[in-house]
Amino acid sequence: MAGERPVAGERPVAGGVRAVPSEQLRTMLDEAAPALPPAPPPGTPVPERPAPRPAAPARPTTAERPPLPPTPVDGSPAADRAPAAGGPDREPERVSLIRKHPKRRPGGPQVLGVNCKNEHFNDPRAHYCAVCGISMLQLTLSPFHGPRPPLGVLLLDDGQTVPLEVDHLIGRRPERAPEVAEGRAHPLRMTDAEESISRRHVLVRLEEWQVNVVDLGSANGTAIRAPGAADFVRLPADTPVELAPGAAVRVGLTRTFRFESNRKV
Ligand SMILES: [Zn+2]
């Protein structure tokens, strides 16, 4: 893929992207992500996005930079320090443009994404970094393959919190489902007093940066309530439906979970 090819005459640097002239980066971006819309000509009104600056510098000016984090006592550069918490949202390791085989995280597939200015790996469509919230709009971005970070969490009505790093098969007896037996999904057991939940009821499937639910032909069905909507709408069987952050899902007659994520596109 074009985004992984070394650029002639360029030396790889940590973080990879800033040493490449912006014209080349734009070309590489176009080749690597043809789905992205072309930049509108200067002066074109764009709803919801601030107008692009025609002559934006490749590097931000001092005034645009966020304040630097406090220097640690031992004086080591901030970028070399370990992130504050070793949780699932920790910073991805640096991956340069020419690095072909970045270290895989266990279970995490490689997806095409972009780094924010602070080197957090993001959905290429994101307007803001999901980790630090910084705007991605004025960055010259170069997509590369990296380990996908967790896409959010499932909040179950019994208080369980399930981070979404892999697919989850939800049901009364999920351990026996072929998806689980073959290692394609983690089992997530859900039961109810009415026994309205099928043994293999609904699959939460991660596709690139998107979270889908698929009702597996369950007896009592799966229903989804979009964020802000009043009612649950039953899903057709075996049809993937995207979950937006804030959406609720009803499994069978009474049990529910909610999908939450700070990743907004
Ligand atoms: Zn960030």
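This section describes the strand pairing and selected backbone features of a predicted model. Residues are numbered from 1 along each chain as its sequence is written. Because the model is predicted, local features need pLDDT of at least 70 and side-chain atom pairs count only at pLDDT 80 or more, whereas totals for chains, interfaces and linings use all residues.

Helices (H or I, at least four residues) and strands (E, at least two) are DSSP runs, numbered from the N terminus. Two strands are taken to pair if DSSP finds at least two bridges between them. On this basis, five strands make up an open sheet with mixed pairing, in the order 7-6-8-9-12. Strand 7 (186-189) and strand 12 (241-242) are the edge strands, each pairing on one side only. Within the sheet, strand 8 (residues 202-207) and strand 9 (residues 210-215) are antiparallel and are paired over six bridges. L203 has V214 in strand 9 as its bridge partner.

Strand 14 (residues 255-260) pairs with strand 4 and with strand 13. Strand 4 (residues 153-156) runs antiparallel to strand 14, and four bridges join the two; the bridge partner of L155 in strand 14 is R258. Strand 13 (residues 248-251) is also antiparallel to strand 14 and is joined to it by four bridges, with T256 in strand 14 as the bridge partner of R250. Strand 13 and strand 14 form a hairpin with three residues between them, and G252 in the turn has a positive phi of about 70°.

The side chains of strand 14 alternate along its length. R255, F257 and F259 point to one face and are buried, a residue being buried if 20 or more other C-beta atoms lie within 10 Å of its own, exposed if 12 or fewer, and partly exposed in between, with C-beta atoms placed from the backbone.

Most residues other than glycine have a negative phi. E119, which is not a glycine, has a positive phi of about 65°. E119 lies in the loop between strand 1 (110-115) and strand 2 (121-122). E119 counts as partly exposed because it has 19 C-beta neighbours inside 10 Å. D238, likewise not a glycine, has a positive phi of about 60°. The loop that holds D238 lies between strand 11 (233-234) and strand 12. With 10 other C-beta atoms within 10 Å, D238 is exposed.
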